[in-house]
Amino acid sequence: MDERRLREVALTPDEYRAILEQLKRAPNEVELGMLGVLWSEHCSYKSSKALLRRLPSSGPGVVQGPGENAGAVEIGDGWAAVFKVESHNHPSAIEPYQGAATGVGGIIRDVIAMGARPIALLNSLRFGPMPASSRHFEGVVAGIGGYGNCIGIPTVGGEVYFEECYANNPLVNAMCVGLVRTDQLMRARAEGTGNSLVLVGADTGRDGIHGASFASLELDERSSERRPAVQVGNPFLEKCLLEACMDLSHTDAVIAIQDLGAAGLTSAVAECAGRVDGAGARIDVARVPRRERGMTPYDVMLSESQERMLVVVQRGREREVESIFEAWDLTSAAIGEVTGDGLLTVFDGRDEVARLPVKLLTDGAPMRRLVGFAPEPPYGLDVDALPPPADPGASLLRLLASPNLTSRRGLFRRYDHMVGDSTVIAPGGDAAMLRVKGTRLGLAMTTDCNARYCHLDPHLGAQLAVAEAARNIVATGARPLAVTDCLNFANPDRPEVYWELEEAVAGLAHACRLLDLPVVSGNVSLYNDSNGESAIYPTPVIGMVGVIDDYEKRLGAGLRVEGDFVLMIGSTHNDLGGSEYLKVEHGHVAGRPPALDLTREKAVHRLILAAAQSGYLHSAHDCAEGGMLVGLAECCLLGGIGVRCPAVRPEPPLRLDAAFFAESPSRFIVSAASRAMPEMQSLARRHNVELSLLGLAGGDSIEFEGQLKVSLAELRAAWESMVAV
Amino acid sequence: MKFGVVVFPGTWSDRDCGWVIDQVLGQELTYLWHKDADLKGCDCIILPGGFAYGDYLRTGAIARFAPVMEKVGEFADRGGLVWGICNGFQVLCEAGLLPGALIRNASLEFRCEWTNLAVERTDLAFTSQCEEREVLRVPIAHGEGSYFADPATLSHLEQRGQVVFRYCDANGRVVPNANPNGSLHNIAGIANARGNVLGMMPHPERCSEAELGGTDGLKLFRSVAESAMKVLVS
């Protein structure tokens, strides 16, 4: 086999030999292309599958774990939350607007395929420093807004960080959350020999051919030539597709719905059949509605044209389904049927053009055995050598103005975060919350990852990401339920990168086990490097959902009542390693990330949830990046109320800079009326959690007697310095 | 009172408006499909927010040709209540039921945020429950909501008092800083001369319950519902 041809379909000579062995003949061109896309890292997880098995994926509330279009957990009253996060990093690097837009479109279809109505979008973004990365940043933000705003699904949460390591490899992870009655959850299984395969939505064009393979390579100077591998989104069409798919619940003629995403028709048909033992499929590409003339069977099978779904329909009832799509002026075409021979057979009219075992496509890719090797640890940090903060107030202002900590209001107002009339906690605080209409349930959701911690210690960093996401959920008063993860890493062929991946997955598994959080869906994005260098920080993004039984008991992050006691829950240590303070004030990305005790973390969650449930709290905020002082400033700015505090006198060995700026985990800043103090103190004792008084809410500045006093106006000016971006 | 909410392909505030009418206000609700040639006996037609037909070409430019719009035009001519919200306002302007046009926001960006609206007319069916010069807190969500009209049209509108809502600060002052999109004269909503057709960019259906951040929008829905009561009584 010509090596150049193999490279084009992103197969290695070893993989080609495996194909020959299993197929016992040489694949033809169409078959080679189909195998190439499905055996790509993006589709086959050949480098990561063994690791992913370590993640806990079951639990009492799980109604659908990994392996489907999205995961699902029960949230009460007969409802399930369906959710998944997915990366669109490579396309967004080349064509930021369309890359991000189609990333959003793709994740929405994953949720639709489960029979759920998508109710919310979130994202997690990484860019190089501004203004150099403004092409990426502007394009991605506009693309996310362009798609989400048009389709009418609110974008309610997200995070964005700026670090040098993402300058050539921005990360664009999109998460979608949907709702479905638990008994109406769909699964994309091609059941029933003879049932029809109906392709609906957009016509098929030549766009996105080899997209999945492209996403499985490092970027290089020729990557921009791959722009045709980036698809173009049509959110209007997807809106119609969404509503038509919702209308499918009116008929029981539908067996399954499957999204056409990476690797297009090939993947959709193979995956649908692959989930049923012994099932196969016979399809005719001549029946696929096309956007342009002259497309070959190869083009049709590999196209990644957006806004398409495959629907498995009971034989003889195709007309019922077609009429639902017709009402939305959508094309649908019966392109084939389910078979019982375990083969995916492709015809072009009468000519057979491909015939491959389904299992060869979906499970045949040889798993890669990669070797991890711990690199030199990043350089340490001698905390004792750091000078004490000369002016904590000035440090606070610089931190609030740092790109990683500034208010994201300027971003969230570019996204419609209200459509649907369900957003009861808007973006800008910790987690967002949507009510489930017709119930008292509130569904909290967040995305989180501090990749700097993961760079310094991937095992601990991944645990911290899970813990912080959980804290975001808990801060609203909701119980964390389950996780979706997006593992963004560099080239795993490099032992130090594979080691990062191993460590991060182990950390993730450990934290999820201890916090009882099953990982029900996820995605892996590797090869986020350019020209063999400038690898990204390991970035295991955590998406999480949680539930509160009565959303009237939800908590916001902002202070609400003058005169309230402002409390720190949890204890502070000299955790300056990897902190934003260290980077902004001392120019270091160094040291060990904060130590995490998951048992203590859990105890703190229980305390906050008990206090929220009993109505003792007026607000709660996760104390994270920037430490206590930044967290407190956020509470003040979000609530429009200042705080007066006595001077901080840390007990040795705690340092003053750490008391203000250390990022010790398992901490919350809460406010409560003075009359609730006895109850709060007894709750803290019962849960064996430290509770300390920071100060009293009131005034229009943050004051620590004799140490700092900064007006809210000054703080806001610094914090909102990015609004103009 | 029977409300009819029009659904174009690409409309997304239909269900939000429907929720307020049906679940919050307990009024009769029916959805009107863009291909419908019958308004099903509705007393008030709402053209809700969204991106009708994708808003490709120009916002509202294709929607005005929908079969249902012919009936909506006839209904308006007969004095029926027609209420365009966001995309619906854009459609009403394209259809010629209201003067002027909505152009790209001055910021060139989509904006989803809370605004304050000074109510300038309280004698309309849509605003009868509002106080004189009342300030309503209502969110916007649009990329093309900057109201534009030629000087003659604008002065005509002002002279006849057709400006119903203006963006203002929390104290009711109509100042440039309170204008989120560059609308001429801070215009957020206008009515036709007869007062039975209202177009507004802000979304009252998003602030009709306390848990969503405010209930000022409900005053407008209530006004419409009450106006029908009055008709029945008189």
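**Exercise 1. Which residue with a positive phi follows α2(B), and which residues of this helix are buried?**

*Solution.* 
Step 1. Go to the end of the helix. B:G79 follows α2(B), and its phi is positive, near 95°. Helices here are DSSP runs of H or I with at least four residues, strands are runs of E with at least two, and both are numbered from the N terminus. The model is predicted: local features need pLDDT of at least 70, side-chain atom pairs count only at pLDDT 80 or more, and totals for chains, interfaces and linings use all residues. Residues are numbered from 1 along each chain as its sequence is written, while chains are lettered from A and ligands numbered from 1 in the order in which they are written.

Step 2. List the buried positions. Helix α2 (residues 67–77) of chain B buries B:V68, B:M69, B:K71, B:V72, B:F75 and B:A76. Buried means 20 or more other C-beta atoms within 10 Å of the residue's own; exposed means 12 or fewer, partly exposed lies in between, and C-beta atoms are placed from the backbone.

Step 3. Look down the axis. The buried residues of α2(B) fall within an arc of 160°, so they line one face of the helix. The arc is that of the directions from the helix axis to the C-beta atoms. On the other side of α2(B), B:E74 and B:D77 are exposed.

Step 4. Find the cover. It includes β1 (2–7), β2 (28–33), β3 (44–47), β4 (81–85) and β11 of chain B.

**Exercise 2. Where is B:E205 found, and is this residue buried or exposed?**

*Solution.* 
Step 1. B:E205 sits in the loop between β11 (197–200) and α5 (216–233) of chain B.

Step 2. Check its surroundings. B:E205 is buried, because 33 other C-beta atoms lie within 10 Å.

Step 3. Name the contacts. A contact needs C-beta atoms, placed from the backbone, within 7 Å. Neighbours within four places in sequence aside, B:E205 touches A:D421, B:S13, B:D16, B:C17, B:V20, B:I85 and B:G217.

Step 4. Turn to the chain contact. Chain B gives 20 residues and chain A gives 21 residues. On the side of chain B that touches chain A, β6(B) has the largest share, three residues.

**Exercise 3. Which residues of α21(A) are buried, and what do they pack against?**

*Solution.* 
Step 1. Check the helix length. Helix α21 (residues 598–613) of chain A has 16 residues and reaches 22 Å from first C-alpha to last, close to the expected 22 Å. The expected span is 1.5 Å times one less than the number of residues.

Step 2. List the buried set: A:E601, A:V604, A:H605, A:L607, A:I608, A:A611 and A:A612. They cover an arc of only 160° around the axis, which puts them on the same side of α21(A).

Step 3. Identify the partners. These buried residues pack against α18 (458–475), β20 (565–569), β21 (617–622), β23 (668–672) and α24 (677–686) of chain A.

**Exercise 4. In which sense do β12(A) and β13(A) pair, and which residue is the bridge partner of A:T345?**

*Solution.* 
Step 1. Read the pairing. Strands β12 (residues 343–348) and β13 (residues 351–357) of chain A pair in the antiparallel sense over six bridges. Pairing requires at least two DSSP bridges.

Step 2. Pick the partner. A:T345 bridges to A:R355 in β13(A).

Step 3. Examine the turn. Two residues lie between the strands of this hairpin, and A:G349 takes a positive phi near 70°.

Definitions and conventions:
Two residues are in contact if their C-beta atoms, placed from the backbone, lie within 7 Å.
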